[in-house]
Amino acid sequence: MRKADAVFEGGGVKGIALVGALQAFEEDGFRWQNVAGTSAGGIVAALLAVGYSAAELKQVMGERVEFSKLMDTAGIGKLPIVGPWLSLLVSRGMYQGDYFLELMRQLIAEKTGSSRLTFGDLTLPKEPSDSDDDYQTKYRYKLGVVASNISRNEMLVLPQDVAALDLDPDGLEVALVVRMTMSIPYFFKPVILAEGNKPQNKHWIVDGGLLSNFPISLFDSPPGQTPCWPTFGFLLWEPGSEKPRHERIRGLVSMTRAMVRTMSTAHDRKALREADSRRIVKIPTGRYASTDFDLTRQDRDWLYQSGYEAAREFLHGPEPWDFEDYVAQRLQQTP
């Protein structure tokens, strides 16, 4: 086995392309140590962490996930046409997110026997090269999920960061955390957490893409230290997408769409211009948007194949990935 860490970008339904890329890496013998992601990337990372293979994920994404059901409504939200908008005003989200949460619990239970699996069940032993601080803050948990706490204006790397809310990271439910990171503002209701020692303090948690859609440095070893194995980043990408695009805004819907695109690309894409690119698999995602919940089977197949081909090119193309080259670039990083 070839150990590696993986970080997955968020991208809504485009996350199917991440599964295709994983298939190519697994065919090359890579097996994942620590995994992390935001939004759709967090979903893929969580299912990997509990034991799903790329082949199994392809079946899940192709047959088990009914994207149209992600737009689940309740109460006044069921009213024709105006229902989701009324739900947005009352519940702070057009859709409930309950279908997704129960599906995640079911998928996790099928692998682990527990639908309420917690992060305490996903710990890894300390490696000899890990400092005590790095082990506790980076490597102890097999899974890392990025979310945004809009009540405190801060990014959360879960489960570790709930300790600041007087909550036990080990006791945090995996499926609920993944539900947090996919909570696209306005589309889905936020997840509300009560602070442990001050339950009257409510924390509203939404999509991690609001602050970091591609946390590529999450598992990096300290600058100047030789990594024991690589960290690969899986980026949902289009040629030229690093350049700003003009969004034509006509009203609330187009404004919301522009906000989602901005929050999911601007911060991390700027940082990538300064980062080493030899560990990032750039996956073309075509014409698809994060919230295209009406994907056909052909659409899903196209995204999956795009991810697979991008990863094969990364591993075996004209300039194939090389671990020695990777280490040399990492050692050039300065504190």
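**Briefing: cores and hairpin of a predicted chain**

Of the 82 residues in the largest nonpolar core, those touching the most other members are Phe8, Phe25, Trp32, Leu143 and Phe234. Such a core is a set of buried Ala, Val, Leu, Ile, Met, Phe, Trp, Tyr and Cys residues joined through side-chain atoms within 4.5 Å; buried means under 20% relative accessible area with a 1.4 Å probe, protein chains only. The model is predicted: local features need pLDDT of at least 70, side-chain atom pairs count only at pLDDT 80 or more, and totals for chains, interfaces and linings use all residues. Residues are numbered from 1 along each chain as its sequence is written, and side-chain values use heavy atoms, with hydrogens and water left out.

- A second, separate core has twelve residues, including Tyr139, Val157, Phe219 and Trp237.

**Whole chain**
- Ten helices and ten strands make up the count for the chain; these are DSSP runs (helices H or I, at least four residues; strands E, at least two), numbered from the N terminus.
- The chain has 335 residues, of which 53% count as buried.
- Among contacts (heavy atoms within 4.5 Å) with a separation of 6 or more, 74% join residues 24 or more positions apart.

**Hairpin**
- Strands S4 (residues 143-149) and S5 (residues 154-158) pair in the antiparallel sense over five bridges; pairing requires at least two DSSP bridges between two strands.
- Val146 has Val157 in S5 as its bridge partner.
- Four residues lie between S4 and S5 in this hairpin, and Asn153 in the turn has a positive phi of about 55 degrees.

Definitions and conventions: Buried < 20%, exposed > 50% of the residue type's maximum accessible area, 1.4 Å probe, protein only.
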